[in-house]
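Here is a friendly walk through one model, to read with the structure open beside you.

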Protein chains: 2
Amino acid sequence: MTIDDKGWFTEVCEDAGTAFSLKTSRKLHQEQTPYQRIEIFETEQFGSLMVIDGFIMLSGRDNFIYHEMLAHPALFTHPDPKNVLIIGGGDCGTLREVLNHEGVGRVQQVEIDERVTRLAEQYFPELCVANNDSRAELHFDDGIRWVKAASAGQYDVIIVDSTDPIGPAEGLFSEPFYRDCYAALGDDGILVQQSESPLLHQSIINDMRSAMRRAGFEQAQMLGFPQCVYPSGWWSATMAANRPLGHFREDDASNKTFATRYYNSAIHRAAMALPEFMRQVLK
Amino acid sequence: MTIDDKGWFTEVCEDAGTAFSLKTSRKLHQEQTPYQRIEIFETEQFGSLMVIDGFIMLSGRDNFIYHEMLAHPALFTHPDPKNVLIIGGGDCGTLREVLNHEGVGRVQQVEIDERVTRLAEQYFPELCVANNDSRAELHFDDGIRWVKAASAGQYDVIIVDSTDPIGPAEGLFSEPFYRDCYAALGDDGILVQQSESPLLHQSIINDMRSAMRRAGFEQAQMLGFPQCVYPSGWWSATMAANRPLGHFREDDASNKTFATRYYNSAIHRAAMALPEFMRQVLK
């Protein structure tokens, strides 16, 4: 069988010489926004699929891993997170996970493209169930400008839930942006950002860590996790802080008051283990 | 860009509605053996690629993860492994890893199709560097029959490095086979077998564990790891034994006398962490 016939969505990862395809049953929507081209498909086995500029953003079947790993490790590492900023995150899956933490009093989400959120409300309603939580503020604005304008020490956790470091999100992978994040975080503050594939993008992960360090963060910690619909099926987030990141509120994580499907305290510890080749890369 | 044009090898995973493709530069070899159809490609970014009956077996770029995870967790869990049996494993990558353990005195590998090994010697020579080790015996025979004929308690570790549980390898995922493995293992013996994708094949993993338990093994432990070229990019092995599998010779693993690229003692611990949904599945 080939996938030459209609009914498959394929994302090619040119640099890696790989491609990943999902069997679709129909295209539900497409539009060109001021920022990007968004497509929504119904797939046969992976639920709804959102594609931006030809790159898979999320599927209904496996987004729980990504969203839980962007939210919970950072929130269970900070001693008492109350104020959280999400940059990007327009599908609202990360927001939903953050709001599961009862101690969080305010979450500002700054997504540049309102259409991402409106389409998520329509096609991924399960991710948007917390959008009307009184602690949530949905802003549609430029995240780089937002952080630059923030008050010093305003946030406990900043989560950068962005697209790849090409195009509109490029500035989110740069030292000036990390400096602004550093200033906007309190003493115990933690920055966490999606950081591409450990197999395919080692130089991106390494460059990001170097830029975070130059921006003032003394500690950085990669978190690895599977993500079927992203290139190589293996993805990462990187946490940065001025406090040791190897320790977290393990009892709170073990006794968390909300359900998860991927994250638990054992997975949190496990995600911090670096494969031998990454130890060399990140030396 | 589409992958309709020539020069891509695509494996479709029908049940999951997914497909994975690698950009190839040329086909190096193809043949029909008495057992299966073997193809070898040169890829642009993943080194050599071996495909059997249309399914990707291994690529030069990422096979180190699979081979290290099949060999080292089991060997560092057994207190003193001396006699090892590998069922399948014709590409010899697992064999190479096993022979890195200095205490191992004898490794018998039983691969049904000699052509897999001969082609590995030609196209994956780096995996076959230990084939002439005086401790290694390469047999080309039926693994199910081999284990049935083994002496009681003959082996310390049995590694089942097979294709998927359809076709020739089906019998390797069954209770009668596990009974024979159980009998062929010593008191501290450990069986480890590749066990498909945690995301896509939960029922296979669960059925395998049930069959292992019915065959006499009291303990089972899933090990998760990334594997880019296999469906979902996330794979597993399952260990079975009559001893607790959560503990291993951590000091020996930390001070191992050979180089690895994925495995280390932190990765060993990490691989045993079960995602929340797998805890439910494997209850």
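Helix H1(A) is mostly covered, with 15 of its 15 residues buried; buried here means that 20 or more other C-beta atoms lie within 10 Å of a residue's own, exposed means 12 or fewer, and partly exposed is in between, with C-beta atoms placed from the backbone. This is a predicted model, in which local features need pLDDT of at least 70 and side-chain atom pairs count only at pLDDT 80 or more, while totals for chains, interfaces and linings use all residues. Residues are numbered from 1 along each chain as its sequence is written, and chains are lettered from A and ligands numbered from 1 in the order in which they are written.

Helices (H or I, at least four residues) and strands (E, at least two) are DSSP runs, numbered from the N terminus. H1(A) covers residues 63-77, and its end C-alpha atoms are 22 Å apart, which agrees with the 21 Å that its 15 residues should span (the expected span is 1.5 Å times one less than the number of residues). A kink of about 30° lies at A:Met69, shortly before A:Pro73; the bend is the angle between axes fitted to the seven residues ending there and the seven starting there.

In chain B, strand E6 (residues 83-88) has six of its six residues buried, so it is largely enclosed by the rest of the structure. B:Gly60 sits in the loop between strand E5 (55-59) and helix H1 (63-77) of chain B. This glycine, B:Gly60, is partly exposed, with 18 other C-beta atoms within 10 Å.

Now to the place where the chains meet. There, 40 residues of chain B are in contact with 40 residues of chain A, contact being C-beta atoms, placed from the backbone, within 7 Å. On the chain B side, E2(B) gives the most, with six residues. That side divides into 22 nonpolar, 11 polar and seven charged residues; Ala, Val, Leu, Ile, Met, Phe, Trp, Tyr, Cys and Pro count as nonpolar, Asp, Glu, Lys and Arg as charged, and the others, Gly among them, as polar.

How are the copies related? A rotation of 180° with 0.0 Å of shift along its axis superposes chain B on chain A (RMSD 0.0 Å), by least squares on C-alpha atoms of residues with pLDDT of at least 70 in both. The two copies are thus related as by a two-fold rotation axis.

Terms used:
Contact = placed C-beta atoms within 7 Å.
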